[in-house]
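Please open the model in your viewer and keep the selection panel at hand. The tour moves from a single side chain to aromatic pairs and then to helices.

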Amino acid sequence: MKAAVFHGAQDIRVEDVSAPSGVAPDEVRVKPFWCGICGTDLHEYAVGPIVIPTQSHPLTGASAPQILGHEFSGEVLEVGGRVTHLRVGDRVSVMPLISCGSCFFCLRGLNHLCQSMGCIGLSFQWGGIAEECVVPARSASKLPDTMSDVAGALVEPTAVAAYGVDRAGVRPGDSVLITGAGPIGALASLYAHHLGATVYMSEVNPHRQELALTLDVGELFDPTKVDVVEEIKSRTGGVGVDAVIECSGNERALQTAISAVRSAGYVSQTGLHTKPAAIDPMILSEHDITLGGTWCYPVTDWPRIIDLIGNKGLPVEKVVSAKISMADIVDKGFETLLSPKGDQVKVLVRSHD
């Protein structure tokens, strides 16, 4: 079968690999439909391997070369003998985190912080950019008929975005600034708006600005043209927003977030910084501001996110800017997304013809 396989930095190959030969009692075999290219995937391609192990992973045993893809939907082709919640033909979204279940954090329900965590498509035998894959049955959640295959592939990044907003305690009537209108920032904006918050967005990239405006969730600021903090203060009676969801992983955006949030407000650091960022901790102290990080999402959140999208109308498909074939994954996917001149925001890959 065909799969997109990571071999090293700037080396992803669409090649023939052995198809799954069966499933264990607690596994399911899946035919992926759509799979998103994530920022983590981009980092691996640009300068990796980072997360992808070069030696046997302590929990999963996986190592490079790695079949990519951890944001995907698919159809169940085969179920293991102990699987009762899924049937052949069910459409599913896959929660990719693999946890040990017995470490300090797993025993406290914080499986996303597992000390030996693996991830389907990054440190696991299988990934979603393939014609077939095998995953733990507990990782697959059935999609309702009201939800598209494309939306099913967006559950994972939506869970990341929602966790950032939830950690900030956003409630109806709150004001929220989202810094960065990439895929996670766009989804965080949609989610905060869905919760009933007044949303402001900040973004420098013109293509991301264009997509952000189509979301129709609130005002958009270009920090190269206006002082975002001043704009926020002018709209909040000089107080600042109740929460900032920092989704860019950019030092200047984090500084803006801390200055734009009100006293006793919350800054949720959801975008990943690839290098240290300088901040003034005195601002945190003087204004009683909470700065908190987020990592992934609660592994139990899939049913809630699916319900939000499938039954409560969260319009996540608005963030998709392109759909491509597996054969085009490098040129129209990774290279375009990494290019300063690239015109795409969220790219989904069709995992089979």
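Does Glu44 count as buried or exposed, and at what relative accessibility? Bear in mind, before selecting anything, that this is a predicted model. Select Glu44, which lies in helix α1; at 1% relative accessibility, Glu44 counts as buried, because the cut-off for that class is under 20%. If you then display its surroundings, leaving aside the neighbours within four places in sequence, you will find Glu44 in contact with Phe6, Ala9, Pro49, Ile50, Val51, Ile52 and Leu122.

Next, turn to the aromatic rings, for which the count comes to four pairs. Select Tyr45 and Phe334, whose ring centres are 5.2 Å apart and whose planes stand at 50°, so the pair is tilted. Because Tyr45 lies in helix α1 (residues 39–47) and Phe334 in helix α10 (residues 329–338), this pair ties together parts that are 289 residues apart in sequence. Tyr45 and Phe334 are both buried.

Now select Tyr200 and Phe221, where the ring centres lie 6.1 Å apart and the planes meet at 15°, so the pair is stacked. Here Tyr200 belongs to strand β12 (residues 198–202) and Phe221 to strand β13 (residues 218–221), so parts that are 21 residues apart in sequence are tied together. Both Tyr200 and Phe221 are buried.

Move on to helix α9 (residues 302–310) and colour its buried residues, which are Trp302, Ile305, Ile306, Leu308, Ile309 and Gly310.

The last stop is a pair of packed helices. Two packed helices are described by the angle between their axes and the distance between the axes. Select helix α6 (residues 228–235) together with helix α7 (residues 251–260): they pack at an angle of about 25°, with their axes 9 Å apart, and α6 and α7 are therefore roughly parallel to each other. Their crossing is right-handed. To inspect the contact itself, show Val228, Val229, Ile232 and Lys233 of α6 alongside Thr256, Ser259 and Ala260 of α7; sorted by class, the contact of α6 with α7 has four nonpolar residues, two polar ones and one charged.

Note on methods
Residues numbered from 1 in each chain as written. Predicted model: local features only at pLDDT ≥ 70, side-chain atom pairs only at ≥ 80, totals over all residues. Heavy atoms only, no water. Axes fitted to C-alpha atoms, helices over the stretch in contact; angles between N-to-C directions. Helix = DSSP H or I, 4+ residues; strand = E, 2+ residues; numbered from the N terminus. Parallel < 35°, antiparallel > 145°, perpendicular 65-115°, else oblique. Left-handed = near helix turned anticlockwise from the far one by under 90°. Contact = heavy atoms within 4.5 Å. Nonpolar A, V, L, I, M, F, W, Y, C, P; charged D, E, K, R; others polar. Phe/Tyr/Trp six-rings, centres within 6.5 Å; stacked < 30°, edge-to-face > 60°. Buried < 20%, exposed > 50% of the residue type's maximum accessible area, 1.4 Å probe, protein only.
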